[in-house]
Amino acid sequence: MCRWLAYSGSPINLEKLLYEPEHSLIHQSLHARLGAETVNGDGFGVGYYDDVEVPPAVFKDTKPAWGDRNLRELARHVRSPLFMAHVRASSGTAVQQTNCHPFRHGNWLWMHNGAISQFGRLKRDLVLAVEPELFPAIEGSTDSEVMFFLALTFGLREDPPAAVERMVGFVEKTGRAHGVECPVQMTVATSDGERLWAFRYSTERRSRSLFHSTTTQCLRDLHPEVFMRVDLSGDARVIVSEPLRDLPGQWIEAPESTYTVISHNLFEMHPFHPKPE
């Protein structure tokens, strides 16, 4: 599986979250505590916005994140008000750049931790359900990217929560038709550059870990070495696969079968209910 984080707030350098916390995402690429694997060395990616009028920038590579000098250099100099980062542990698909997260289409970014169980058995039916105009944009071979393009097909650009609920419902229906009882395992982050959504769900109701910060002061209390000298807006939030510092109880775990939406002065959590097609 994988580890990821997403940030929304006033612009900060990417290294503030990728490198500086004691259990940063780069540290998690070698020493994950709550993931299915300890090491997440099958590539990495960052996606970041600086202007919602243009598509986000994406930088990916198949090398392990912990030793990539170009990532370190970029993270030191790039400032963004909304960014995502992902370190990958392949669930069986090839280690190649087009399989690294986050995935981008237009102004949308998408990243995923988890898997579609027995994806090879379901892949043909899932891929054929992607809208024909979107199909040529699929570049890689992962279940994660297929989930993204199914969500786009089902209306991600108009109503993200409803689209993801339809996508998951369709995958579960397809799984049952092929004898796969628990096809979906996911934590997902997606954004259009203005809002950030995060989903935690699995068919068996035993989802991968997901945590979020609550307030700007919470971030300062959790990570004074990172944020005390940073001019953070009052709506700054971080969502992570696992806490960036070992302070039990300080990060809030997202409940099972929920989604979170974050925007300027908005932080809401709602139940997540897949809707069969």
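Start by selecting R72 and Y19: the charged end of R72 sits over the ring of Y19, 4.2 Å from its centre. Keep in mind that this is a predicted model.

Next, show the aromatic side chains. The structure holds 9 aromatic pairs. Select W108 and W197, a stacked pair with 5.7 Å centre to centre and 20° between the planes. W108 belongs to strand β6 and W197 to strand β8 (residues 196-202), so this pair ties together parts 89 residues apart in sequence. W108 counts as buried at 7% relative accessibility, and W197 counts as buried at 2%.

Stay on β8 and pick Y201 with F272. This pair is tilted, 5.3 Å centre to centre, with 55° between the planes. Y201 lies in strand β8 and F272 in the segment after β13 (266-271), 71 residues apart. Y201 is buried, with a relative accessible area of 2%; F272 is also buried, at 2% relative accessibility.

Now turn to the cavities. The structure holds 2 of 30 Å³ or more. Select C2, R88, S91, G114 and S144, which are the closest to its centre among the 13 lining residues. Then colour β6 (108-116) and α5 (143-153), the elements that each give two or more residues to this lining. By class, the lining has 3 nonpolar, 8 polar and 2 charged residues.

Last stop: the second largest cavity, with about 30 Å³ of space. Its lining residues include L18, L25, F44, L71 and V87. By class, that lining has 8 nonpolar, 2 polar and no charged residues.

Note on methods
Residues numbered from 1 in each chain as written. Predicted model: local features only at pLDDT ≥ 70, side-chain atom pairs only at ≥ 80, totals over all residues. Heavy atoms only, no water. 1 Å grid on protein atoms, 1.4 Å probe; cavity = no way out; pocket = protein on both sides within 12 Å on 5 of 7 lines; lining within 4 Å. Points joined across faces, edges and corners; volume = space filled by probe spheres on them. Helix = DSSP H or I, 4+ residues; strand = E, 2+ residues; numbered from the N terminus. Nonpolar A, V, L, I, M, F, W, Y, C, P; charged D, E, K, R; others polar. Phe/Tyr/Trp six-rings, centres within 6.5 Å; stacked < 30°, edge-to-face > 60°. Buried < 20%, exposed > 50% of the residue type's maximum accessible area, 1.4 Å probe, protein only. Lys NZ or Arg CZ within 6 Å of the ring centre and 35° of its normal.
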